[in-house]
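Biologist: I would like a close look at a single part of this model. Please keep to what the atoms show.

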Amino acid sequence: MEKISILFVCLGNICRSPMAEFVMKKIVSDKGVGDRFYISSAATSAEEQGNGVHYGTRRKLAEEGIPFTPRYAVALKKSDYERYDYIIGMDRSNISDMLAFFGGDKDGKIKLLLSFAGTDRSISDPWYTGDFDKTYDDITLGCTALAEKLI
Ligand code: 4NP
C-alpha cells in the first residue's frame, strides 16, 4: 500500500517544522499506523540549511516524551510538490512563500497546519517569541486534528 506522505514546512526548518515532524510521527506510531506514513520537514529559506534542530525544540520534545533523531535543516525542493500528498505550512508567510516557490498549488496540497483544527491561525515562531510551549501546544492541536482526518 502506498504510504501517505506529509511534509511540514516552516521558515528555517530548525524549530517548528521538525517539532511537527516528530509530534506527528509519535501520534501515528501510538495509533499503531506509523508504517502507513512517510513524514518529513523542510524550510522555505536556505538560511539554516545543514543546521541541527534548535535546542528549544529538542528540550520541549524531550520534556513531552516525544522521540526524535538528529536531523539537519533542508530547503524545500521543486520536486517536493509531486513527492508529497500534504505540504503543510506553519504560518501564512510559509503558505505564500510556497505558492510563489511552486508556482501555485494545482493539486490543493498546500495547507496551514491549524486549518485541520478549524482555525486560520498561524503557529507563532519560537525563534522570535522564545515560547516553545505555546508552539508545541498549537502543533499538537494541528497534528492531532490531521491524524483524526487521515486515520
Ligand atoms: P523555524 O524558526 O522557521 O520555526 O525553524 C526559524 C529559524 C531560523 C530563522 C527564522 C525562523 N532564521 O531567521 O534564521
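How far is an oxygen atom of the ligand from a polar backbone atom of Asn13?

Modeller: The distance from a ligand oxygen atom to a polar backbone atom of Asn13 is 3.2 Å. This is a predicted model, in which local features need pLDDT of at least 70 and side-chain atom pairs count only at pLDDT 80 or more, while totals for chains, interfaces and linings use all residues. Residues are numbered from 1 along each chain as its sequence is written, and side-chain values use heavy atoms, with hydrogens and water left out.

A backbone N or O atom of Gly12 lies 2.8 Å from an oxygen atom of the ligand. From the side chain of Asp125, an N or O atom is 3.0 Å from a ligand oxygen atom. Of the 360 Å² of accessible area that the ligand has on its own, the protein covers 92% (Shrake-Rupley method, 1.4 Å probe).

The residues around the ligand (a heavy atom within 4 Å of it) include Cys10, Leu11, Ile14, Cys15, Arg16, Glu47, Glu48, Trp127 and Tyr128. By class, this shell has six nonpolar, two polar and four charged residues (Cys, Leu, Ile, Trp and Tyr are among those counted as nonpolar, Asp, Glu, Lys and Arg count as charged, and Gly is among the polar ones).

Cys15, one of the shell residues, is buried, with a relative accessible area of 4% (buried means under 20%, 1.4 Å probe, protein chains only). The closest cysteine sulfur to that of Cys15 is in Cys10, 6.9 Å away and too far for a bond. The disulfide count is zero, a disulfide being a pair of cysteine sulfur atoms within 2.5 Å.

Definitions and conventions. Buried means under 20% relative accessible area, exposed over 50%, partly exposed in between (1.4 Å probe, protein chains only). A polar contact is a pair of N or O atoms within 3.5 Å; within protein, one must be able to donate a hydrogen and the other to accept it, and residues adjacent in sequence count only if both atoms are side-chain atoms.
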